[in-house]
Amino acid sequence: MLPEPRIYVPEPGEDVVRIRTSERSLFKRCRRLWGWLSPVRLGLQVREAPDYFWYGTGFHFAMEDFHGYNRYGHAGKAFLAYVEACKQSNQLPSTWRDFEPLGLGMLSYYSDHWLRNRDVKQTLYVDGKPQVEVNASIDLGLRDHKGRRVVYDFTIDRVVMDDEGLLWVVEYKTAKAFRLYHFDLDEQITSYSWCGQILYGRPIAGTIYMQFKKAVPVFPRILASGEISVDKSQHTTAALYSRLMVDMYGSVQQSPSKNITALNRLVAEDTEDQDRFIMRTNIERNSAQIKSLQQRIYMELEDILNPDLPLYPHPQQSCGYSCPLMHACLAMEDGSDYVDALQPYAAKGTSREQEMRWRTQLPPPELVQLPQEALLYSQTTQESVAQLQQRQESPEELFLAELS
Ligand code: SF4
């Protein structure tokens with residue numbers, strides 16, 4: 001019989017053992033790496049956190065603001081506020097200038113274009129608070145060998161309610177490409193349903209998994225011949241493609257048939273839940289799946305909390321490009337001083353408060369302005385959408401396009 005998990009209300013000064021889904025994944029990936037990085041063990045932190053972590057934090061903050069109190073009135077502006085706050089708190093990575101236009105472009109596209117013709121989904125409010133960036137912990141009803149309480153920490157990006165009154169957790173991911181085949185067994189997705197139902201005391205229908213490609217839609221290329229490219233891999237949208245056709249040929253109908261075909265292909269890709277840049281997938285989890293996850297968590301904890309557990313390595317092909325502490329691992333293998341090898345790459349972990357100190361430096365909304373280019377981009381994408389919507393495709397046009 002498993003203990004009944006319930007929401008943990010922190011007690012002042014209480015020292016607890018914190019477990020997260022990411023920690024469980026790391027544990028199952030490689031016990032040696034977990035032993036170095038987990039707060040349950042050595043609790044080291046990689047010295048040079050990858051810059052995409054920094055970017056992901058800013059992206060999530062912008063979405064939190066936009067779908068929450070919306071203090072900045074625009075997701076792109078909220079991202080700029082994050083960059084400014086990181087400047088003030090000395091938390092900018094050296095590559096921030098590459099990420100700033102990317103964040104601004106992706107978020108402007110989302111708020112000014114993608115959402116305009118789609119169901120926005122209403123953020124859930126509890127006691128007047130929007131349920132965005134929800135941080136909470138579950139008391140698992142366990143104690144470790146030192147008698148400390150064991151809690152399960154989680155962060156939910158957003159909670160929405162659908163038209164039937166069902167709750168859904170919304171998860172944001174930014175990546176180079178969409179991932180499609182991991183949904184059924186994804187532990188993080190199932191854990192959101194488990195954590196959410198304990199937090200809100202009611203079932204969670206599932207997770208709305210939102211993937212954002214790390215790319216900003218632009219106009220299609222113009223070839224040296226003066227024609228509009230029909231390359232299928234271009235980072236463009238139907239609205240921008242048709243806009244350029246109208247600008248160059250006077251109307252879509254007067255454009256070359258190969259361009260009409262390319263446009264129709266883009267239009268067909270544009271559905272209620274996705275286009276080339278953003279994909280929204282509803283993933284349900286039933287009570288059996290949630291129960292199975294809970295049982296698995298308690299089984300894994302028997303190992304995670306065992307102070308005598310052997311921490312053997314798990315060498316894999318991916319070690320070479322994905323393990324931040326491979327140097328130390330190799331030193332351990334060849335008998336050299338691995339503690340020495342750890343020094344340049346890892347240090348004692350900092351507190352969450354220190355990591356989040358940029359939040360205390362956020363500028364007031366009136367001091368954050370979108371650059372002219374961003375305003376122009378938003379205006380152009382919005383006009384292009386309106387133009388595309390006015391366009392009525394004749395059966396003849398579609399037939400000709402098919403033939404070509
Ligand atoms: S290199 Fe591979 S085996 Fe060694 S610690 Fe890293 S993940 Fe584990």
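Asn-70 is partly exposed, with 17 other C-beta atoms within 10 Å; a residue is buried at 20 or more such neighbours, exposed at 12 or fewer, and partly exposed in between, the C-beta atoms being placed from the backbone. The structure is a predicted model, in which local features need pLDDT of at least 70, side-chain atom pairs count only at pLDDT 80 or more, and totals for chains, interfaces and linings use all residues. Residues are numbered from 1 along each chain as its sequence is written. Asn-70 is found in the loop between helix 3 and helix 4, where helices (H or I, at least four residues) and strands (E, at least two) are DSSP runs numbered from the N terminus. Its phi is near 50 degrees, a positive value in a residue other than glycine.

Lys-121, also not a glycine, has a positive phi of about 70 degrees. This lysine is found in the loop between helix 5 (96-112) and strand 4 (122-123), and with 19 C-beta neighbours inside 10 Å it counts as partly exposed.

Helix 3 (residues 51-66) and helix 4 (residues 75-88) meet at an angle of about 130 degrees, their axes 8 Å apart; axes are lines fitted to C-alpha atoms, for helices over the stretch in contact, and angles run from 0 to 180 degrees between N-to-C directions. Helix 3 is therefore oblique to helix 4, since angles under 35 degrees count as roughly parallel, over 145 as roughly antiparallel, 65 to 115 as roughly perpendicular and the rest as oblique. Residues of helix 3 including Phe-61, Ala-62 and Phe-66 meet residues of helix 4, among them Ala-78 and Phe-79, contact requiring C-beta atoms, placed from the backbone, within 7 Å.

The largest nonpolar core has 69 residues, of which Ala-62, Ala-75, Ala-78, Phe-79, Ala-81 and Tyr-82 touch the most other members. Such a core is a set of buried Ala, Val, Leu, Ile, Met, Phe, Trp, Tyr and Cys residues joined through C-beta atoms within 7 Å. Helix 4 supplies its largest share, nine residues. A second, separate core of 11 residues includes Ile-228, Ala-262, Leu-263 and Leu-266.

Helix 7 (residues 238-249) and helix 8 (residues 257-269) cross at roughly 155 degrees, with axes that come within 9 Å. They are therefore roughly antiparallel to each other. Ala-238, Tyr-241, Ser-242 and Met-245 of helix 7 make the contact with Asn-259, Ala-262, Leu-263, Leu-266 and Val-267 of helix 8.

Technical notes: Two residues are in contact if their C-beta atoms, placed from the backbone, lie within 7 Å.
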